[in-house]
Amino acid sequence: MYLTLFFDGQCPLCRREIEALKARDALHHIRFEDLNHPDITERYPELDLTLANRVLHGQRADGTWLTGLDVTHAAWTLVGRGHWTAPLRWRPVKPVADLAYRFFARHRHRLSYLLTGEQRCEVCNHDR
């Protein structure tokens, strides 16, 4: 594994993004961890669950933590689609993209419902 990606499995839009990444991760470079899994804090005691539920978190194999769009870009790069997210990390775009991401992250359940028509999942399959 090159990246462990921690995601909100109760967010329909987040789950769709994870499914798209999984479908392209033929070499299994990414470990996907649902923040809502019952033993997540036991398996990852260094993870601040409150903060991870506010901002996307990822951890590289060397222990380096990434957050927000840096995680998104790292994950899509590992599956050969980093060119999709690279512009979000370009110097003139990065501050605006990060601000937009923070807005999305704060309102992801409402935005997810508007974009997918699906409500936040209260009881999800944690083995996805």
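## Salt bridges and cores

Asp 70, Arg 89, Lys 94 and Asp 98 are joined in a network of salt bridges. The model is a predicted one, and its salt bridges number 6. Three of them are listed here.

|---|---|
| Arg 89 – Asp 98 | 2.5 Å |
| Lys 94 – Asp 98 | 3.2 Å |
| Arg 43 – Asp 39 | 2.8 Å |

Lys 94 is partly exposed, with 30% relative accessibility. Lys 94 and Asp 98 both belong to helix α6 and, because they are 4 residues apart, about one helical turn separates them. An α-helix has 3.6 residues a turn, so residues three or four places apart point the same way.

The pair of Arg 43 and Asp 39 involves two partly exposed residues: Arg 43 has a relative accessible area of 34% and Asp 39 one of 23%.

The largest nonpolar core holds 18 residues, and those touching the most other members are Leu 5, Ile 18, Leu 21, Ile 30, Phe 32 and Ala 75. At least two residues of this core come from each of β1 (3-7), α1, β2 (30-34), α4 (69-78) and α6. The largest contribution is that of α4, with 5 residues. Beyond its neighbours within four places in sequence, Ala 75 makes contact with Leu 3, Leu 5, Leu 21 and Ile 30. Another core lies apart from this one; its 6 residues include Phe 6, Leu 35, Ile 40 and Ala 52.

In α4, the buried residues are Leu 69, Val 71, Thr 72, Ala 74, Ala 75 and Trp 76. After α4 comes Gly 80, which has a positive phi, near 80°. In α1, the buried residues include Pro 12, Cys 14, Arg 15, Ile 18 and Leu 21. Helix α1 (residues 12-24) has 13 residues, which should span 18 Å at 1.5 Å a residue; the C-alpha atoms at its ends are 19 Å apart, in agreement.

On the surface, Leu 88, Trp 90 and Val 93 make up a nonpolar patch with about 260 Å² of accessible area together. Leu 88 sits in the loop between α5 (82-85) and α6 (94-106), and its relative accessibility of 31% makes Leu 88 partly exposed.

How values were computed: Residues numbered from 1 in each chain as written. Predicted model: local features only at pLDDT ≥ 70, side-chain atom pairs only at ≥ 80, totals over all residues. Heavy atoms only, no water. Patch = residues over 30% accessible without salt bridge, like charges linked within 9 Å, V, L, I, M, F, W, Y side chains within 5 Å. Areas by Shrake-Rupley, 256 points an atom, 1.4 Å probe, with all protein chains shown as cover. Salt bridge = Lys/Arg side-chain N within 4 Å of Asp/Glu carboxyl O. Buried < 20%, exposed > 50% of the residue type's maximum accessible area, 1.4 Å probe, protein only. Expected span 1.5 Å × (residues − 1). Core = buried A, V, L, I, M, F, W, Y, C linked by side-chain atoms within 4.5 Å. Contact = heavy atoms within 4.5 Å.
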